[in-house]
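Then turn to a pair of helices.

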Amino acid sequence: MQFIDQSVIEVEAGKGGDGIVAFRREKYVPAGGPSGGNGGKGGSVIFVADTNLQTLLDFRYKHLFKAQNGERGGPNNCTGAGGKDLIIEVPCGTSVYDAGTSALLCDLVEPGQVFRVAEGGKGGLGNQHFLSNRNRVPEYALPGLEGEKKVLRLELKLLAEVGIIGLPNAGKSTLISSLSAARPKIADYPFTTLIPNLGVVKKPTGDGTVFADIPGLIEGASHGAGLGHDFLRHIERTRVLLHLIDATSEDVIADYHTIQEELKAYGRGLAKRPQILALNKIDAVDRETVNLEALATQLNHLSLAPVFIISAVTRTGLDPMMQEIWRILDEINALEATEVAV
């Protein structure tokens, strides 16, 4: 399945039905009054968040979505049928923006969440509505109103609690495959991961937590370099960032700074998000020439974040790292519950 996380579409609500001019034509009623009915309301365009969808692929080739028009009124004061609403299902995590102003209209995060993005037009009034003492034979009716038309930009931001970030070839895909049932492509060259991968990691309590493997960031990613600019949005919703660093790199400290600078440049609070650092690929490090403990201490002083020495391939050091992730998530959940209670 092709992963699409951005799309521009046009939505058009249905036009209201026209009111009509009609008069009663009944036997023994020589002066039948006006009986033109009102037009029906046009259908609206409604977004619904669906957990079964993971991509905006449905909007890749279809860009115009139009609801049904209302029907015109009928004689005998009959109101026309309303137009059918158009229900558009989108993945959970979809943000809806006005394409012209870039204003955020809605953030569809909760499963089943509903947002009416374009209101259908009102039906026109039939001539029976204009009957009065001064006008006993109204011979006019009103047309239905046009429905709302909008050009929208849809952005999908994956819903994951933990985002795995790092330079290309840091071992992110290997780690998520070790922790979960996800099976992303893994190879010994940069930019193996071209799309975000999701994996569900089981907590000690039995609950599942979603981890997101984000394509490798490079210097300048926040300004469009490499692949990072397209996918940095997917870590906006994460609660914890797991920064994976290749322990076999020639300059581990420089690699750390590269990612941190990109988070700061991108903004949206990513640089202040709780982080855990992990020196990965220790199975490929020559312990006689590389002092991993000293590197970990240096990174801890720079980041003030916990640093773990791990190997995603051999699963060395993963348990302590995961315990720290669960601890931080529990603290965040407890803090949010306290804020809600207050």
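This is a predicted model: local features need pLDDT of at least 70, side-chain atom pairs count only at pLDDT 80 or more; totals for chains, interfaces and linings use all residues.

Residues are numbered from 1 along each chain as its sequence is written, and side-chain values use heavy atoms, with hydrogens and water left out.

Strand β2 covers residues 45-50; strands (E, at least two residues) and helices (H or I, at least four) are DSSP runs, numbered from the N terminus. β2 runs parallel to β4 (residues 86-91), and 6 bridges join them. Pairing requires at least two DSSP bridges between two strands. β7 (residues 114-118) runs antiparallel to β2, with 4 bridges. There, Val 45 stands opposite Ala 118.

How many residues of β2 are buried? The count is 6 of 6, where buried means under 20% relative accessible area (1.4 Å probe, protein chains only). One side carries Val 45, Phe 47 and Ala 49, and the other Ile 46, Val 48 and Asp 50.

Now the helices. The axes of α3 (residues 252-266) and α4 (residues 292-303) come within 11 Å and cross at roughly 30 degrees. Axes are lines fitted to C-alpha atoms over the stretch in contact, and angles run from 0 to 180 degrees between N-to-C directions. α3 and α4 are therefore roughly parallel, a label for angles under 35 degrees.

In contact (heavy atoms within 4.5 Å), Val 252, Ile 253, Tyr 256 and His 257 of α3 meet α4 residues including Leu 295 and Gln 298.

Notes. Angles under 35 degrees count as roughly parallel, over 145 as roughly antiparallel, 65 to 115 as roughly perpendicular and the rest as oblique. Buried means under 20% relative accessible area, exposed over 50%, partly exposed in between (1.4 Å probe, protein chains only).
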